[in-house]
Amino acid sequence: MNRSLIPMLTVAVIALAIAFPLMVFLNAQAASRLLERGAELPCKSPLECAFNLRSPVIPAPNQLLEDFPRAYLNPSSPTSVPYNAFYTGLATLLGLALASIIGLGLAVILTVSRPFERAVLPWLVASQTVPIIAIAPMLAVVLGSNGVQGLLPKVLISAYIAFFPIAIGVAKGLKSPDPLQIDLMRTYNASSVQTFANLRFPTSVPFLFTAFKVAMTAALIGAIVAESSTITDAGLGRMLSENSRASDARNLWQVMLGSAALGIVLVSLVGVVERLVTPWQRNRS
Amino acid sequence: MATQSLVGLIALFGSLALLILTIVQNASNTDAWSGGAMALIYFGLALGIVAVGLTSSGVVKWLERPRKKDQSDWLMRSLVGLIPALLLGLVVLLGVEGLVRGFAVPLAQIPPPSAVLQKLLEARSVLLRDTSITLLETAVGFLIGGSLGVVMAILTQRYIFLERGLMPYSTLFSSVPIVALAPVMIKIMGVDWQSKAVVVAITVFFPMLVNTARGLAEVSPLQVDLMRSYAANPQRTFLDLRIPNALPYIFTGCKTAAVLGLISAIVAEFFGANGGGLGFRIVVEIGTVSLDTVWAAIVIASLLGITVYNVLALLERKFSGWHPSFRAED
């Protein structure tokens with residue numbers, strides 16, 4: 001980590017060095033259009049205006065810093081990012097929990113029943129190549145029109161999106177024991193329940209966490225899309241769609257950074273749980 | 001064996017549904033029921049006959065017979081392997097059709113599959129245009145982001161500094177929800193297809209970078225030594241050893257990235273598009289509660305995903321079919 005700190009900073013600086021002139025250029029263009037039209041601006045040249053447009057194309061760094069306290073440092077306000085991120089995070093986590101219960105159950109049936117596996121597994125595999133998120137907005141509206149409102153529809157939708165990667169990950173994990181190990185269990189005269197508890201389940205745990213990480217991002221996207229497609233009282237998705245409609249780039253950037261932070265926090269949460277649950281994996285990587 | 005028991009199961013369920021519905025229909029002879037329940041009864045009957053016919057005539061057994069395992073046969077074998085899944089899909093579709101019609105569920109809640117199919121045919125010109133826009137966004141974004149990813153991977157292979165600086169970001173980026181990026185990009189680039197292509201390019205970049213870099217790095221030291229003993233210069237080693245070794249990894253990256261790209265194109269269209277695109281169509285038609293069109297767009301999006309994935313898988317087989325991973329599978 002330490003030896004990659006300086007290279008990472010360098011890459012970040014290079015990225016900013018590309019983004020900064022782009023920001024100035026795009027904003028100056030917008031500003032000169034406004035000046036031509038004779039709009040009242042507190043600045044004279046397009047270049048000067050680039051840093052304090054009311055509705056910039058890309059917010060200038062000073063504007064991002066200026067907006068930060070309002071967007072973040074007042075967490076109890078319904079328009080702050082942490083307040084909404086909490087709702088989205090809650091929907092995501094509950095959705096993931098629901099998805100993992102159903103996904104685990106299905107994966108167990110998949111490994112037990114061969115006809116069931118042959119009929120269902122290809123659909124699960126196909127689900128990985130299909131944009132299942134496309135159903136989310138419709139599901140949100142249909143659930144809403146049937147009186148399912150508040151947090152529940154978001155939980156259901158993120159569970160639905162997270163379900164497929166979890167089911168397929170666990171099914172893969174439950175099938176991962178070495179045939180030799182399964183033979184060994186048989187020589188111990190272990191029942192199929194014992195084989196499951198003592199061999200199949202422990203070997204599937206690393207697969208489970210890899211699946212959880214993928215599913216977490218998917219669930220978060222599901223929750224955000226669900227929030228943005230219905231009328232809701234809170235959530236990052238609501239903020240995104242509102243500010244997107246109002247074309248408010250300054251708020252959009254704050255929400256985008258907040259969503260990115262939420263995604264990183266949630267996925268690293270899975271990483272932390274993984275380290276606690278599977279200490280034997282730590283030495284491998 | 002598995003298929004046969006499944007077919008038997010389907011026959012059983014088909015006749016059971018038939019029985020229940022006949023009873024229910026006689027019990028409550030209302031208007032809402034009549035058409036739908038009859039439809040389900042006929043479907044159940046037909047399905048039962050087909051299932052029993054397939055099992056008893058030995059068609060299933062013949063299809064599942066042991067075959068000579070050679071390369072040319074893989075397509076046929078994988079198709080035969082899909083039979084149970086396709087049967088299940090058929091049963092589910094017919095079940096939904098019968099239930100939706102039977103209970104007279106309003107079109108604004110769940111449209112029956114037949115209505116969706118009809119809409120697919122009716123609105124095909126509009127949907128085709130939407131598909132071409134989404135495909136354009138995905139393809140352009142994929143080509144830009146993917147080739148940048150491969151080039152950067154080659155550079156990280158050459159310069160360790162770049163690898164240390166770039167790779168940690170890929171883990172960070174994989175946990176960022178792309179939805180949040182879409183409105184920002186639309187604000188910067190406008191509502192036309194270009195903004196969505198950029199979103200796709202950003203999502204595609206990191207999976208391609210990571211997979212290619214892994215493929216380039218994971219060459220066995222013995223092979224590198226062999227190249228050295230041939231007095232091969234670094235360029236030669238790169239072209240004849242590292243690139244071919246990375247090919248399967250690049251294809252894996254392509255498959256993952258293409259699906260991710262399609263997803264992000266559709267999601268980005270939710271937030272703004274200039275009159276076309278599958279995601280745009282879905283959001284607009286939800287607004288007017290014409291859910292049959294929404295489902296038609298979803299069906300097309302799914303077919304698009306499956307097609308893109310399988311075309312890449314076919315290319316993979318053609319260009320890196322020599323790789324041990326294929327031999328192990330056959």
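Q: What makes up the domains of chain A?
A: The domain assignment of chain A gives domain 1 (5-57) and domain 2 (81-281), with bounds that come from an automatic or database domain assignment. The centres of these two domains of chain A, taken over C-alpha atoms, are separated by 39 Å. This is a predicted model, in which local features need pLDDT of at least 70, side-chain atom pairs count only at pLDDT 80 or more, and totals for chains, interfaces and linings use all residues. Residues are numbered from 1 along each chain as its sequence is written, while chains are lettered from A and ligands numbered from 1 in the order in which they are written.

Q: What makes up the secondary structure of chain A, and of chain B?
A: Chain A has 11 helices and 0 strands; chain B has 15 helices and 0 strands. Helices (H or I, at least four residues) and strands (E, at least two) are DSSP runs, numbered from the N terminus.

Q: Why does A:S32 count as partly exposed?
A: A residue is buried if 20 or more other C-beta atoms, placed from the backbone, lie within 10 Å of its own, exposed if 12 or fewer, and partly exposed in between. A:S32 has 15 C-beta neighbours inside 10 Å, so it is partly exposed. A:S32 lies in helix α1 (residues 5-36) of chain A.

Q: Why does B:A231 count as exposed?
A: B:A231 has 7 C-beta neighbours inside 10 Å and therefore counts as exposed. B:A231 sits in the loop between α11 (221-229) and α12 of chain B.

Q: What sets apart the phi of B:A231?
A: Phi of B:A231 is near 60 degrees, a positive value in a residue other than glycine. Most residues other than glycine have a negative phi. B:V289 also has a positive phi, near 50 degrees, and lies in the loop between α13 and α14 of chain B.

Q: How do you know that residues of chain B are in contact with chain A?
A: Two residues are in contact if their C-beta atoms, placed from the backbone, lie within 7 Å. On this basis, 48 residues of chain B are in contact with 45 residues of chain A. By class, the side of chain B that touches chain A has 36 nonpolar, 10 polar and 2 charged residues. Ala, Val, Leu, Ile, Met, Phe, Trp, Tyr, Cys and Pro count as nonpolar, Asp, Glu, Lys and Arg as charged, and the others, Gly among them, as polar.

Q: What makes a set of residues a nonpolar core?
A: A nonpolar core is a set of buried Ala, Val, Leu, Ile, Met, Phe, Trp, Tyr and Cys residues joined through C-beta atoms within 7 Å. The largest such core has 128 residues, and A:A215 and B:V267 have the most contacts inside it. Its largest share, 16 residues, comes from α12(B). Leaving aside neighbours within four places in sequence, the contacts of B:V267 include A:I133, A:I221 and B:I178.
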